[in-house]
Amino acid sequence: MAYEFQNISILVVEDNQPMLTLAKGLLQSFGVGTVFTAKDGEEGFRIFCRENPDMVIADWMMKPMDGISLTRRIRNDPSSPNQFVPVILMTGFSERRRVIQARDSGVTEFLVKPFNARDLYRRIAQIIERPRQFVRSEDFFGPDRRRKPKTEYTGPERRANREEGGEERRGAAKATKPFVPPSAAPLPPDIRSTDSGKTEE
Amino acid sequence: MTDHYNQTPRRNAEFIKPPNLLKAKVGSGGLSEEILDKAQQFLENNTVDFLPLAEMYLDGVTKGIELAKDAGPADDAEYTIATMLYPAMQLKANGGMFHYPLVTDIADRLIQFLEVIEAPDIEAVEIVLAFHTTIRAVVHGRITGDGGKHGKELLAALNDACIRYFEKHPSTPLEMGEEG
């Protein structure tokens with residue numbers, strides 16, 4: 001079995017036409033059924049409202065509306081058809097403070113340019129296999145900014161995959177690399193659904 | 001030590017777990033290596049001419065350099081730095097996408113430099129100009145790929161210039177709580 005990407009639609013928002021064409025072609029190579037495109041955040045939001053795609057991939061630096069503002073609008077504007085839609089932000093910036101800025105705007109995943117086909121695929125697979133829960137607080141609405149479980153224990157993880165992915169491991173032993181698995185195994189639901197402060201970015 | 005000093009939390013966050021509609025639509029199993037290789041080939045075989053794009057972003061850096069040269073003490077240093085930083089970021093982002101990874105590497109060093117200078121003083125601007133000239137030479141010389149030994153030497157020379165700058169202008173320690 002493989003992902004059936006023909007069933008989904010993705011909106012790509014990018015002001016650099018060659019890059020837009022490249023990103024669209026890449027998604028089509030993955031088999032994505034419908035790829036909508038827009039040249040800036042304003043147009044992107046209009047198309048988002050009209051088409052309600054399953055995912056948005058946006059560049060950061062665009063005028064008049066950049067990818068961060070677009071994400072905030074998707075998350076908070078009353079006319080947004082899906083406030084929970086996954087948003088991947090593409091940018092040349094990789095500095096920590098920039099990543100934090102993007103994360104705080106409600107971005108789901110961060111993709112540093114230049115990237116290759118597997119980099120983009122890993123972000124998409126991450127969204128599919130490890131979706132973030134959402135947080136609504138006084139000053140933030142968006143994907144939970146914490147992901148990695150925090151633990152004091154530093155020894156070997158002897159039973160790490162007993163409940164999750166056990167079948168996958170057995171299958172992988174037999175297979176001769178037919179599929180590329182997502183980059184990380186899903187977290188147990190009980191870790192992701194509590195407000196205990198036991199998870200962090 | 002106890003969380004919140006044993007007091008009742010007053011500003012609780014609401015946690016929402018939206019249904020994973022995407023997973024329901026695409027199913028399981030990932031993509032095959034064959035599909036990913038094909039996608040990578042598509043990326044590598046793109047025939048986009050990077051020169052006009054690079055010229056546009058280099059013009060942006062030039063505008064930033066001009067602004068920095070004309071700037072007075074009352075001007076906003078962060079704004080001036082940003083006018084050079086943003087086109088530099090575009091050069092880094094797009095070089096590698098369109099067969100010029102050496103442009104990405106050089107622009108990355110420029111970004112690292114601009115992210116930490118305190119002010120766009122004349123010596124900093126001279127260094128930005130050196131980066132600009134080098135990137136322009138790479139693009140006009142059609143040096144695709146990493147530039148080999150010559151590419152490494154160019155990078156090392158620019159890096160040394162930055163190191164010399166910071167030896168002369170060591171950065172001021174940040175105040176407590178100030179973002180690094």
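A:Pro131 sits in the loop that connects α5 (117-129) to β6 (134-136) of chain A; helices (H or I, at least four residues) and strands (E, at least two) are DSSP runs, numbered from the N terminus. The model is predicted: local features need pLDDT of at least 70, side-chain atom pairs count only at pLDDT 80 or more, and totals for chains, interfaces and linings use all residues. Residues are numbered from 1 along each chain as its sequence is written, while chains are lettered from A and ligands numbered from 1 in the order in which they are written.

Is A:Pro131 buried or exposed? A:Pro131 is buried, because 22 other C-beta atoms lie within 10 Å. A residue counts as buried if 20 or more other C-beta atoms lie within 10 Å of its own, as exposed if 12 or fewer do, and as partly exposed in between, with C-beta atoms placed from the backbone. From A:Pro131 to A:Ile47 the C-alpha to C-alpha distance is 24 Å, and the two are 84 residues apart in sequence.

The strands of chain A come next. An open sheet of 5 strands has the order β2-β1-β3-β4-β5 (chain A), with parallel pairing; two strands pair if DSSP finds at least two bridges between them. β2 and β5 (109-112) of chain A are at the edges with a single partner strand each, so one side of each has no neighbour in the sheet. From one strand to the next, the twist averages 20°; axes are lines fitted to C-alpha atoms, for helices over the stretch in contact, and angles run from 0 to 180 degrees between N-to-C directions.

Strand β1 (residues 9-13) of chain A has 4 of its 5 residues buried, so β1(A) is largely enclosed by the rest of the structure. To strand β2 (residues 34-38) of chain A, β1(A) is joined in parallel by 5 bridges. Here A:Ile10 stands opposite A:Val35, and A:Leu11 has A:Phe36 as its bridge partner. With strand β3 (residues 55-59) of chain A, β1(A) pairs in the parallel sense over 4 bridges, and A:Val13 is partnered by A:Ala58.

Chain A also meets chain B. In this interface, 43 residues of chain B are in contact with 50 residues of chain A, where contact means that C-beta atoms, placed from the backbone, lie within 7 Å. α2(B) gives the largest share of the side of chain B that touches chain A, 8 residues. β6(A) and β1(B) run antiparallel and are joined by 3 bridges, with A:Val135 opposite B:Phe15.

How values were computed
Two residues are in contact if their C-beta atoms, placed from the backbone, lie within 7 Å.
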